[in-house]
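Subject: Structure handover

Hello,

Please find the structure below. My notes on it follow, and you can check them against the sequence and the 3D view.

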Amino acid sequence: MSIRRSLAVGAAVATAFLPGLLSTAAAQAAVIPGVGSAPLVAYADRNFTGAKQSYGAGVFDAAKKELGVVGNDAITSLYVASGYRAVACDNGGSDGNVNKGSLGACRYFDAGLHAFVGDLNDKISLLAVMGKPVKGTAVTAYQETKFTGASLPLGSGGFGQVAGNLATLADSVKSLKVTDGYRVVACDNDAKPGTATVDLGKCRLFRGGEHTTVGGDMEKKISLVAVGAPPLIATSDADMTGLRQQFNPGVYTAFANELATVGNDKITSLRVADGWRVVGCRNDSTGLSGQGDLGLCRMFGAGEHGLAGNALNDGISTLVVQAGPASGNLLNVYADRDFKGATATFGPGLYTAADLAPVGNDAVSSLRVPGAGRAVLCDNDSGQNLGACRLFVKSDHLFVGADINDKTSLIALAP
């Protein structure tokens with residue numbers, strides 16, 4: 001039921017033959033099929049082939065198993081969406097590389113198509129995906145050690161010497177305060193827009209906490225700061241106050257006690273990080289057959305969302321947090337009942353109408369959830385009301401139900 005389907009299909013046709021023609025140079029306006037709207041997609045093989053994983057803005061660390069289905073030391077090509085930039089490093093945040101040490105060789109990738117990552121091939125252990133800089137106080141940079149001297153508050157996104165948004169603190173930072181749940185990758189080089197790849201020199205990962213020094217080897221050298229926010233923060237009161245819970249990519253239900261910190265039917269505010277999408281639903285029951293009506297569901301894009309006066313205020317029992325498509329076999333869908341007709345397999349992620357080939361939009365009639373995954377299917381893929389939505393868990397579902405049969409335009413799933 002997506003009004004964008006025809007446009008998306010047209011774009012896919014127009015770019016169907018791109019990958020074989022690409023070079024390592026960035027191409028600002030280019031797109032490739034099957035990437036959805038994710039800020040970054042990493043691929044296991046050259047020319048955007050092999051296993052793939054979508055990412056929103058943020059910092060993703062192999063040491064925390066956050067590189068998804070592509071995995072550690074396995075990335076060979078990258079798609080960076082327009083308006084975003086990425087830093088890729090060959091070391092992650094192991095115990096010896098958090099708040100100290102080096103992330104090894106780090107390269108800058110501007111928006112565009114990077115058919116081969118060069119000397120980082122099969123070596124990437126950390127990705128920092130940067131959107132436009134957002135004002136905020138998640139991180140404070142200081143000109144002197146122990147949080148003294150001139151200071152600069154930073155929200156999320158990329159801040160650098162080239163763009164001028166580090167102001168007078170470019171090459172002057174000596175200490176940092178980082179809010180819990182946020183991460184910072186700081187590098188001693190920056191890169192100009194339009195650059196395909198640039199060596200960023202020494203880079204360091206900082207997690208939440210007070211860092212009285214960035215390290216003697218990094219003091220007064222930092223030219224690029226990538227601030228990664230949690231994909232979703234939900235609070236119990238208006239204006240992001242009250243009880244607070246952070247969410248990484250996944251499917252969360254009150255039934256499984258996964259909203260315990262903020263509370264079931266208690267959410268009033270949401271903050272969705274750049275490049276992420278969130279589905280919030282009133283119900284969470286899986287029912288006796290492993291599927292359940294989720295009631296009213298809405299899609300939330302990047303930004304802060306106050307729910308006061310909204311039908312979902314103090315009513316959310318299911319949350320889905322994802323950025324876009326990924327490889328895998330968490331879900332098998334079929335165009336006809338009883339596992340007949342055209343079929344497609346999906347990995348963890350969020351899929352809108354344009355991503356549902358070869359079964360297609362408004363065509364799913366039966367499905368299998370072979371493992372521990374949870375899948376949410378809805379009959380709309382945008383807007384204030386996603387229509388009928390159902391939650392499916394491990395089972396063979398010979399029929400998806402009359403309310404969404406041949407109507408599915410959105411699939412969101414996670415292990």
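Which residue lies over the face of F399? R337 does, at 3.5 Å from the ring centre. A second case of this kind involves R46, which lies over the face of F116 at 3.6 Å from the ring centre. Please keep in mind that this is a predicted model.

The overall picture

The protein chain has one helix and 34 strands. Of its 415 residues, 54% are buried. Among the contacts with a separation of 6 or more, 73% are between residues 24 or more positions apart. The chain exposes about 16000 Å², and carbon and sulfur atoms supply 50% of that area.

Aromatic rings

The count of aromatic pairs comes to seven. One of them is F346 with Y351: their ring centres are 4.7 Å apart and their planes stand at 65 degrees, so the pair is edge-to-face, the label used for angles over 60 degrees. F346 is buried, with a relative accessible area of 3%. Y351 also has 3% relative accessibility and counts as buried, because the cut-off for that label is under 20%. Elsewhere, ring pairs link Y55, F60 and W276 into a cluster.

Backbone points

Most residues other than glycine have a negative phi, and most peptide bonds are trans. The residues below depart from that pattern.

- K146 is not a glycine, yet its phi is positive, near 60 degrees. K146 lies in the loop between β9 (139-144) and β10 (148-154). Its relative accessibility is 62%, so K146 counts as exposed; the cut-off for that label is over 50%.
- N257 is not a glycine either, and has a positive phi of about 65 degrees. The loop that holds N257 runs between β20 (250-253) and β21 (269-272). At 56% relative accessibility, N257 counts as exposed.
- The peptide bond from A357 to P358 is cis, with omega near 5 degrees. P358 is found in the loop between β29 (349-351) and β30 (366-369).

When you open the model, you could begin with these loops. Is K146 buried or exposed? It is exposed, at 62% relative accessibility.

Regards

Note on methods. Residues are numbered from 1 along each chain as its sequence is written. This is a predicted model: local features need pLDDT of at least 70, side-chain atom pairs count only at pLDDT 80 or more; totals for chains, interfaces and linings use all residues. Side-chain values use heavy atoms; hydrogens and water are left out. Helices (H or I, at least four residues) and strands (E, at least two) are DSSP runs, numbered from the N terminus. Buried means under 20% relative accessible area, exposed over 50%, partly exposed in between (1.4 Å probe, protein chains only). Rings of Phe, Tyr and Trp (its six-membered ring) pair if their centres lie within 6.5 Å; planes under 30 degrees apart count as stacked, over 60 as edge-to-face and the rest as tilted. A charge sits over a ring if NZ of Lys or CZ of Arg is within 6 Å of the ring centre and within 35 degrees of the ring normal. Contact means heavy atoms within 4.5 Å. Accessible areas come from the Shrake-Rupley method with a 1.4 Å probe; for residues, only the protein chains shown count as cover.
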